[in-house]
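Look over the chains first, then read on.

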Amino acid sequence: MEMTLKKPAAAPLVQRSPGYWTTVGRRLLRNKLAMLAALILLALVLMALFAPALMPSDPYAASILKRLKPVGTEHYPLGTDELGRDMLSRLMLGARLSLFMGITPVLIAFVIGSALGIVAGYAGGWTNTVIMRLVDILYAFPSVLLAIALSGTLGAGVGNALLSLTIVFVPQIVRVAESVTTQVRNREFVDAARASGASSLTIVRAHVLNNVLGPIFVYATSLISVSMILASGLSFLGLGVKPPEPEWGLMLNTLRTAIYTQPWVAALPGAMIFMTSISFNLLADGIRSAMEIKD
Amino acid sequence: MTDTTLPEALRNPDVGGPAQPLVIARDLVKHFPLKSKIPGRRAGVVRAVDGVGFEVRKGETLGVVGESGCGKSTTARLLMQLIEQDSGELIFDAQGVGSAQLPMKRFRSQVQMVFQDSYSSLNPRLTIEESIAFTARVHGIGAAEASARARALLDRVGLEPARFAGRYPHELSGGQRQRVNIARALVLRPRLVILDEAVSALDKSVEAQVLNLLLELKAEFDLTYVFISHDLNVIRYLCDRVMVMYLGKVVEVGDTETLYANPAHPYTRALLASMPATDPDHRTLVAPLAGDPPNPINPPSGCSFHPRCAMAEAVCARRAPALSDALAGHPVACLMAHADGGHSRQLAATT
Amino acid sequence: MTYLLRRIVYAIPILLGVALLCFSLVHIAPGDPLVSVLPPDASEELRRQLTALYGFDKPFLEQFVHWLTRALHGDLGTSIATNRPVMSEVMTAVINSVRLAAVATLIGFTFGCLFGFVAGYFRDSAADRTASFLSVFGVSMPHYWLGMVLVIVFSVFLGWLPATGAGPGGSGDWQWDWEHIQYMVLPAVTMSVIPMGIVARTIRALVAEILSNEFIVGLKARGLSELAVFRHVLKNVAPTALSVMGLQLGYLLGGSILIETVFSWPGTGFLLNSAIFQRDFPLLQGTILVLAVFFVLLNLLVDALQTLFDPRIQRN
């Protein structure tokens, strides 16, 4: 007996529900504080990108005569640093390195950490044990200590600092990724997917990733502000960016002795770090709230 | 009864013929080891399934009943091969499951399952249509074709595709979600569908609708069902034969009406007597099942039911009864059903 | 009880891994580990002698085992820069750091609890929003910058407190009198900000969650006084709060380098700083090892106390 299903004429969908991320996006847009933070960040990123065009003076032009001029000096709206260079220009250009050093390690750690964590979470068994125990050893160090220890031994420089910070963040992300993946793996729709004959790779791609990447991403965004502070902190100690490159942490370092003569100029770079960091945190908080959709 | 719209490779023709049982399970054993608190010392095992054997005939609905912890769900998962048995055979339509004749992926296209929790069995990030189409996509059917199939099935289970295909699981009610799960199970025209407490979580009115849907689909798609439940009324309504499980073993199998009218095994009798009486003048005053529910880690010796059995004798603690066939076609695992069991009483053969 | 035993047994391979990592740090450093000891025009003979003396010519694992065995006996080698035993340098520094970190944790914990409780009790009110905002503030603050700002305000402008140092006579003798404490005020306050933010956040979430529990409503319906409810919340919050405090203490000890650099506080962070810049590897290894081991043991202690307080916690 042959059997065919009558296929209904392809009727257009009356109800197309918005996807998960669309809903998250909409909720985020309604959060005024998060949107304000996003705008500030956007402004900072634009400033960093277009710094060469926007800078009023040459950030490397040093002049002993013009050392440590206060805020509001003619030609130097935000004063000059200990070598007579224009603060405003250096702050603008410094945004590049500061933002870069803050975001990049988290990005790389997100990719590596998620991959490791998802594999550990889905595979279970020995794979899980090996990965998680290795992670535990790194996790046993307080992050600042680990970053400094690694940077300290590798030596100063942007590349080494990026490497150190990435190594600091990978274990944290692996932990979160593994935990979330294990929870998802035990849900029945994964069983149903296995029952349909799909390979593990297919299941991870089609069912695990879309449930797991969200929470991991949220966690990662909360790490960006820590990364910024830590990266600038490394430069502050002389372990990150090397002079004469402008970077907010490094600028704080070289201006330290200036707090007795030009305190407000000396404090400026830190204010930038603070403002950026708080914006990232507010935005991350906003994203997290937006994602808590009760379903 | 093949669907000619499916590609050649996915059609599941009848291999063994009508007399061949669709599923033969032999001596399935699955023990779950407990985590030992002291390394080196072996902790106990949970004997979830302890030597289970049965048949599922083509075209029937086999019910599986028992208390929580008797091993019904584990048996279902073993049938689906979602977990692998420690020992024992599984034969599907005369072919060994996982053998060269019947590789796993091929097996999976012929057996599907509907779970109890309608919500957690659907990926919250996929639309209904995507969830249903996934099974088809896994087996090589193209995206457009798979979507079309998904919509056709949605229509068949009573959910208007135009309104439901693009929705997400959290926007549907429990009954609607269960229909989706049923649709998903049918995408590849399986021959066997296992329903693990599929209607237990639904409101009674919705439950009736879904049960009727299941009956219709069975006839239309020529399906065989294994229906697991703890609800004896639903089992009676739906099933041709019933299998009773206790502590990881099968204790009785029989034709539904016969079993309900004249339960042979003392446990079955107690179970049926436990159903609340519908007549207020004849209330059940004494609970038929005494004692504590058993511990699957440390099962009682001999016949596992003997501590709670009204008819237990000394021999019951020593010997574990196998399924006897004294009552033709109605296996019972009780020493009373064996002529040489050592029990003073004997079960009378019933027709 | 078995969870605890497992935890302790499990800590041993972790500690070994930590030790291995500490030891390897020196070996991943580029350049010659002897560069800080050798004068630039040293002869081959001298170089060979020193290599043998420090054991750099032996295989890695052998070096590690030697180092570890000596470390377990309390000998962490000799500082290249000062020629004093590493262990005594580190211990002096640790005591200074612990003093500072303990005070900072107490301040942070106290105010964090205060803000957290207020925010949790009066959820969604103006007080809550202020407290939440303040805690975001705390967490986003680059603490080394805050230190500088506080120095600017209180030392440079107001002249109330000293800017750097740990006491009028160096760190040698410490007493709990104003003479000495005034040196501690700014660094401790600076350090307290981050744990304050984290504690406030945690407690707020916890308090809000407990208060929204249905059985609280049930208790109130049965006429339980506000004070009793408060005591109940306190009891439930205490274990987590204490464990967070313990963890924060650990982080402060490990991460104190930045603040100690700003204030020239002679603690382990400061020591670490000089070890790095003088490429004083024995000192570097020893300091990191002590700090990391301390952190692991502290975590263990916190875990143990938490299981004691809350039997429900049976983490796997």
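**Where chains A and C meet**

In this predicted model, 34 residues of chain A are in contact with 38 residues of chain C; contact means that two C-beta atoms, placed from the backbone, lie within 7 Å. Local features need pLDDT of at least 70 and side-chain atom pairs count only at pLDDT 80 or more, while totals for chains, interfaces and linings use all residues. Residues are numbered from 1 along each chain as its sequence is written, and chains are lettered from A and ligands numbered from 1 in the order in which they are written.

Q: Which helix supplies the largest share of the side of chain A that touches chain C?
A: Helices here are DSSP runs (H or I, at least four residues), numbered from the N terminus; strands are runs of E of at least two. Helix H5 (125–139), helix H6 (143–154), H9 and helix H11 (263–291) of chain A each supply at least two residues of that side. The largest share is 11 residues, and it comes from H11(A).

Q: How many helices does chain C have?
A: Chain C has zero strands. From the N terminus on, its elements run α-α-α-α-α-α-α-α-α-α-α-α. The helices come to 12.

Q: What percentage of the 316 residues in chain C is buried?
A: A residue is buried if 20 or more other C-beta atoms, placed from the backbone, lie within 10 Å of its own; 12 or fewer make it exposed, and in between it is partly exposed. In chain C, the buried share is 38%.

Q: Is B:Arg189 buried or exposed?
A: B:Arg189 lies in the loop between helix H6 (174–186) and strand S7 (192–196) of chain B. Its phi is positive, near 55 degrees. It has 22 C-beta neighbours inside 10 Å, so B:Arg189 counts as buried.

Q: What is the phi of B:Glu197?
A: B:Glu197 sits in the loop between S7 and helix H7 (204–221) of chain B. Most residues other than glycine have a negative phi. B:Glu197 is not a glycine, yet its phi is positive, about 55 degrees.
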